[in-house]
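Here is a short note for a colleague who has not looked at this structure before. Please read it with the sequence and the model side by side.

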Amino acid sequence: IGENGAGKSTLLNILSGIVQPNAGRMELIGLDYRPQSYHHALAYGISRVFQEQALVPNVPIYENLLIGEEKSFSSAGFVQRRKMIAAAQRIVEEAEIDIDVRRKTSSYDFSRRQSIEIARACLATSHLSGVTTPLVLLDEPTSALDRQDEEAFFRLMQKMKRRGSLVFISHRLSEVIAHSDIIYVLKDGRLVARIDDPRETDEKTLHGLMVGRVRSADYYKEARQLSVTTHPVRLQASSLSRKGVFDNVSVTLRAGEIVGIGGLLDSGKSAVGKAIAGVSPPDVGTVRLNDGAADLPDIIRQVRKGIGYVPAERLVDGIIASFPVAWNLTLASGSDLFSNALGFWNRRREISETERYIRELRIRSATPNLKSSSLSGGNQQKVVLSRWLCREPKFLVLDNPTRGVDAGAKEEIYGIIRNLADQGVGILLITDELLELIGLSNRILIMQRGRVVTEIAAHPDSKPGERDVVSWMLPSENAAAARPDTSTHHTGILQ
């Protein structure tokens with residue numbers, strides 16, 4: 001464990017042969033180990049789940065599971081696809097993933113694709129190469145998993161521990177404590193602690209070791225939550241629908257209000273956020289911003305009216321990793337803030353604004369001209385957030401804004417969100433993190449299968465419990481027995 005930029009992913013890069021160390025030595029099963037490439041590391045039985053997904057989306061799942069192993073399924077120059085499909089099916093069955101390996105990878109949601117990548121790293125090597133003692137490197141594998149896939153992953157982890165070893169990186173300290181045998185803590189590229197019995201530690205202690213300070217009791221800044229009942233309505237989304245994704249969704253957002261949207265991964269909550277921001281407009285419905293006209297949302301028009309959008313999949317939709325930090329930060333403002341009417345670019349302002357947000361958001365190791373790929377995932381996320389902060393937005397749609405971000409950086413981002421609310425910015429918060437959803441929101445909308453099924457009040461002095469919220473996320477046929485009497489929490493069903 002460690003903060004973003006502590007060196008965790010770099011350490012895994014060395015172990016998996018992607019980066020060569022400047023000094024030191026490694027041993028694997030008592031023998032000298034010097035991998036020259038990732039392929040070389042695979043030959044030793046070391047495989048990896050990367051922080052960002054590394055699947056080819058437009059090929060069948062079985063090809064992704066067995067990529068690089070085609071020679072094992074070739075005869076007289078022809079690939080024996082039936083054998084590949086059968087081998088892939090054995091892998092997903094052992095991993096307890098209910099999928100058709102013949103389907104195109106992109107046809108499954110983000111969580112299920114993450115499960116596919118985990119299965120490949122954990123099982124493909126031992127299934128195909130006969131490796132008896134695999135070492136699996138897991139870089140934040142659970143950050144994109146829904147509850148069902150997460151449970152299957154931890155069962156797979158227990159299976160793997162009986163035959164090999166795992167290095168597990170996660171920002172969710174509770175699961176690190178629950179599933180680790182030894183915990184190493186990195187800070188600023190150095191090993192600062194080793195905990196030999198995780199049962200004797202707690203999240204507060206680990207947080208202090210990681211960031212050099214004790215985690216605040218008011219982690220979600222709940223004491224700063226505004227009362228917004230008299231604030232003007234700034235955003236009104238009415239009867240938004242997209243066939244097969246979400247239906248008849250309406251959302252009201254007041255100045256300074258944080259409205260959370262929760263639900264399972266198939267609930268449609270992220271699609272609603274994209275619709276309101278105009279990224280993927282709905283088939284029908286309108287969005288009214290301030291006192292303007294109620295229109296079908298369009299991304300260019302929404303940005304000009306003051307909406308910002310932070311996507312869930314950072315490297316897919318949020319950032320161009322091969323471009324410099326300054327370029328990514330100014331990406332949404334090329335037509336106004338950083339160029340004049342004649343189209344001439346204001347390089348001086350671009351550099352000064354980038355340096356400003358590097359300081360204010362503490363984007364570690366960043367400079368304006370540094371490639372964004374050189375930053376850790378959490379610091380890349382801060383660059384995406386800075387892109388909208390420089391525009392002084394009136395509304396923000398945040399989809400999992402702290403995914404892949406460590407506990408210290410999360411606390412900083414929560415402070416930024418509260419500051420924006422203080423300035424009258426309306427925030428639509430879509431998140432898979434249950435405590436984040438509860439702690440930050442004024443109100444919580446719960447979605448099931450594309451519909452809003454309830455609204456739960458989340459006053460700072462009477463926050464709903466996790467069980468209350470989760471029970472509404474589950475389909476009614478599964479949740480009736482689990483659902484408590486929430487008459488004191490929810491304010492009615494939104495049709």
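1. The model is predicted. Residues are cited by their position in the chain, counted from 1.

2. Start with helix α5, which covers residues 110–129. Its 20 residues reach 28 Å from the first C-alpha to the last, close to the 28 Å expected at 1.5 Å a residue.

3. Is α5 largely enclosed or open to the outside? Of its 20 residues, 17 are buried, so the rest of the structure largely encloses this helix. Buried here means under 20% relative accessible area.

4. Both ends of α5 deserve a look. At the start, a side-chain oxygen of D109 comes to within 3.2 Å of the backbone nitrogen of S111. After the helix comes G130, with a positive phi near 70°.

5. The count of salt bridges comes to 38. One of them joins the side chains of K159 and E96, at 3.7 Å from N to O. K159 belongs to helix α6 (residues 147–161) and E96 to the loop between α4 (81–94) and α5, so the pair ties together parts that are 63 residues apart in sequence. K159 is partly exposed, with a relative accessible area of 21%. E96 is also partly exposed, at 37%.

6. A second pair is D422 and R224, whose closest N and O atoms are 2.7 Å apart in a salt bridge. This pair links distant parts of the chain, 198 residues apart: D422 is in helix α15 (residues 407–422), while R224 is in the loop between α8 (203–211) and β10 (233–242). D422 counts as partly exposed at 41% relative accessibility, and R224 counts as partly exposed at 30%.

7. The salt bridge between E353 and R356 lies within one helix, α13 (residues 347–360). The closest N and O atoms of the two residues are 3.6 Å apart. Why are E353 and R356 separated by about one helical turn? The reason is that they stand 3 residues apart in α13. An α-helix has 3.6 residues a turn, so residues three or four places apart point the same way. E353 is buried, with a relative accessible area of 12%, whereas R356 is partly exposed at 30%.

8. Salt bridges also form a network here. Which residues does this network link? They are E3, K187, D188 and R364.

9. I320 sits in the loop between α11 (314–318) and α12 (325–329). With a relative accessibility of 33%, I320 counts as partly exposed.

10. The last point concerns G263, in the loop between β12 (258–262) and α9 (269–277). Is G263 buried or exposed? Its relative accessibility is 8%, so G263 counts as buried. V245 is 18 residues away from G263 along the chain, and the C-alpha atoms of the two are separated by 13 Å.

Note on methods
This is a predicted model: local features need pLDDT of at least 70, side-chain atom pairs count only at pLDDT 80 or more; totals for chains, interfaces and linings use all residues. Side-chain values use heavy atoms; hydrogens and water are left out. Helices (H or I, at least four residues) and strands (E, at least two) are DSSP runs, numbered from the N terminus. Buried means under 20% relative accessible area, exposed over 50%, partly exposed in between (1.4 Å probe, protein chains only). The expected span of a helix is 1.5 Å times one less than its number of residues. A polar contact is a pair of N or O atoms within 3.5 Å; within protein, one must be able to donate a hydrogen and the other to accept it, and residues adjacent in sequence count only if both atoms are side-chain atoms. A salt bridge is a side-chain nitrogen of Lys or Arg within 4 Å of a carboxyl oxygen of Asp or Glu.
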